[in-house]
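Please examine the structure shown below.

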Amino acid sequence: MQTTLTNGIADGQLTNAAKLANVSEDQFRMSNGVRVIDYQPTSRHAAPSNRYYLWLILPAVIVLACITLYPFFWLIWMSFHKVDVLKGDVWNNFANWRRLLGDRSFGNGWLLLLKYSAMCMLMEVGLGVLLAVILNRSKYEKVLVTLFLMPMMMAPVVAGLVWYYLYNSTFGWYHWLMQSAGILGEKSILGDTGTAMWGIVLVDVWQWTPLIILITLAGMKRVPRDQLEASMVDGAGEWRNFFQITLPNLYPFLLIAILLRFMDNFRFIDAILVLTGGGPANSTKILPTYLFDVSFQFFKLGRGAAIALTLLFVTIILGLILVKVFESPAGKVNQEGS
Amino acid sequence: MASSDIVQYKTPARKAVDILVGVFLTIYLIWTLLTFVMMFVSSFKDLLEAFKLPEIGDWLGVTLFFDFTPTFRHYENLFLDKNFGKYMMNSIISAGGSALISVVLGSMCAYALSRTEFRGKKDLLFWIISTRMAPVVAVMVPLYAIFRNFELVGTLPGLILAYTTFNLPFAIWILKGFFDNVPYSIEEAQMCDGANRFEAFVSILPLVAPGIGAFLILCVLFGWNDFLFASIIGSGGAKTLPVATVELVQPQNIQWGKIMAAGVVTTVPMMFLGLLVRRYLVTGLTMGAVRE
């Protein structure tokens, strides 16, 4: 299927662009290529001065610095102090950091975060790719995708609340469903240390599998048709085609999907807060949830800052990897064809 | 995959696979929509009706779910007694305000970043995207302390600023990708015809307008659906819909009908907005890495 959106500009817009540039559309396509990356001004006398651009960049950068960079340095400051609202902050000789070393909830939080992410990712990627493959060949792709992506629009906290209600062990329909199917025994899914993690994973899978479907579908439209056809001519079956051509072409897309989801697991704990709040017996207290408790339940802002910095550190590393993937030749080649 | 012009004969195995696929799609569709159906239907149920559940294993008892007399009581109650009209206004102002600020500042910045090269540009861009990815819980600790000093906690401007921490980097990053795709020669041509720099910039706006509009809506969606910032920074004077919904949960006497109604009120507008920008969703949710 040809996509109408060519690198962000719809075809109609391209026509407009051509009109504005006073050339025919074909000329326009030829002279500009369809995708122009990091376009450099070609003629020097027409290029506006750098100062003009500086004025355009500055407001956003200043605002952003005020609301992110300033808090970031404040965070570092807090992590070295005993934060006290009334008496003022006191230097406490790395006590916040030293406490992290012996803090079992901290280590446990990281482990649970990894476990939670791994469980989510395995299920979401598995389901998402499977569904994308099916949808890609389905007549009803458009309708089904639109229906499937509805959960993403729901506020995560509302999703958490609705699922909390449905999981309820006395009147929840999902609880009834699981018990009737003989899955759960007598237990309530969120009330048991063994199953609570599954409870929160299911909500995440429900809400975010559609994102993997969307990304994979977009990736599948980029798989070069000539490769597929060539290999079919050579006698490869559909399975072989899928595993040797489609799937390798999807890797960059899946990598992006996984990284984004992984970082979202760091960012969003809304659903978990209302579903379990980290319980029972800390079995779902993944690190961000623990951080929330330390900072906003016990108001240990200094210790919270130290934990937050470890979380930020890992996020930045993940971000660096993500940007590398964005820029990798594989990622670009796949974006080019359409 | 297989070219459609090749006539394919369906073997029995193929038919069996088709049926399996159909069943799987149906099950997944039910699993996706069931939660919505539950939310919508429960919001029209009275307290006692919401608690009705068939015996375990009694599959025919499912009909019990639809055995109720619909009531609009919960919705009336939310807006008449629980002040939901005001919370909705708060949501609209905070999400809309932040989206507007982000997109206006963001498109200026993105345009300039797309048209210039300078040393450290890559680092600047990485800093911008990393602020977007920073975990909200982590950022909130210092932001709360700072906002308290400036007396911004519990106010709408405070909440707008808080949402801008994730909306502005999003807008810059994603709109830069948009401007990158608009050839510079258009502006050049305009300037040759005597337009000044600003007019040249305005001349390409129609090209990016649909995108800008779509990402404005996505920014609204991000702000509207936020819970953490709203519950801490907005606590008190700037309660938004998600926070008000969660506050309906009380340890004793949980009003499920009311909570589900609040959930519907929070969700439905975003479902419409989401469908409106359907084409730009992938681009938006992947920070421009994947385009549809």
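Is Arg225(A) buried, partly exposed or exposed? With a relative accessibility of 46%, Arg225(A) counts as partly exposed, where buried means under 20% relative accessible area, exposed means over 50%, and partly exposed lies in between (1.4 Å probe, protein chains only).

This is a predicted model, in which local features need pLDDT of at least 70 and side-chain atom pairs count only at pLDDT 80 or more, while totals for chains, interfaces and linings use all residues. Residues are numbered from 1 along each chain as its sequence is written, chains are lettered from A and ligands numbered from 1 in the order in which they are written, and side-chain values use heavy atoms, with hydrogens and water left out.

**The interface**

Chain A contributes 128 residues to the contact and chain B contributes 125 residues; contact here means heavy atoms within 4.5 Å. The two chains bury about 11700 Å² between them, and 75% of this area is on carbon and sulfur atoms. Buried area is the accessible area (1.4 Å probe) that two parts lose on being put together, summed over both. On the side of chain A, the residues that lose the most area to chain B are Trp173(A), Trp176(A) and Arg267(A), which together account for 7% of what that side buries.

Across this interface there are 0 salt bridges, a salt bridge being a side-chain nitrogen of Lys or Arg within 4 Å of a carboxyl oxygen of Asp or Glu. Helix α3 (residues 50-79) of chain A supplies the largest share of the side of chain A that touches chain B, namely 19 residues. Helices (H or I, at least four residues) are DSSP runs, numbered from the N terminus.

**Salt bridges**

Over all chains the count comes to 12 salt bridges. Three of them are listed here.

| Pair | Closest N to O distance |
|---|---|
| Glu229(A) and Arg225(A) | 3.5 Å |
| Lys121(B) and Glu117(B) | 3.3 Å |

Because Asp204(A) lies in helix α9 (residues 196-220) of chain A and Arg261(A) in helix α11 (residues 238-267) of chain A, the pair ties together parts that are 57 residues apart in sequence. Both Asp204(A) and Arg261(A) are buried.

Glu229(A) and Arg225(A) are 4 residues apart in helix α10 (residues 225-233) of chain A, so about one helical turn separates them. Glu229(A) is partly exposed, with a relative accessible area of 35%.

In chain B, Lys121(B) is buried at 6% relative accessibility, whereas Glu117(B) is partly exposed at 42%. Elsewhere, salt bridges that share partners join Glu124(A), Asp204(A), Arg261(A) and Asp264(A) into one network.

**Other residues**

Ser231(B) is found in helix α10 (residues 228-232) of chain B and counts as buried at 19% relative accessibility. Its side chain reaches the backbone oxygen of Leu228(B) at 3.0 Å.

The structure holds 0 disulfides over all chains, a disulfide being a pair of cysteine sulfur atoms within 2.5 Å. Cys120(A) is buried, with a relative accessible area of 0%, while Cys192(B) is exposed at 62%.

Definitions and conventions. Helices (H or I, at least four residues) and strands (E, at least two) are DSSP runs, numbered from the N terminus. A polar contact is a pair of N or O atoms within 3.5 Å; within protein, one must be able to donate a hydrogen and the other to accept it, and residues adjacent in sequence count only if both atoms are side-chain atoms.
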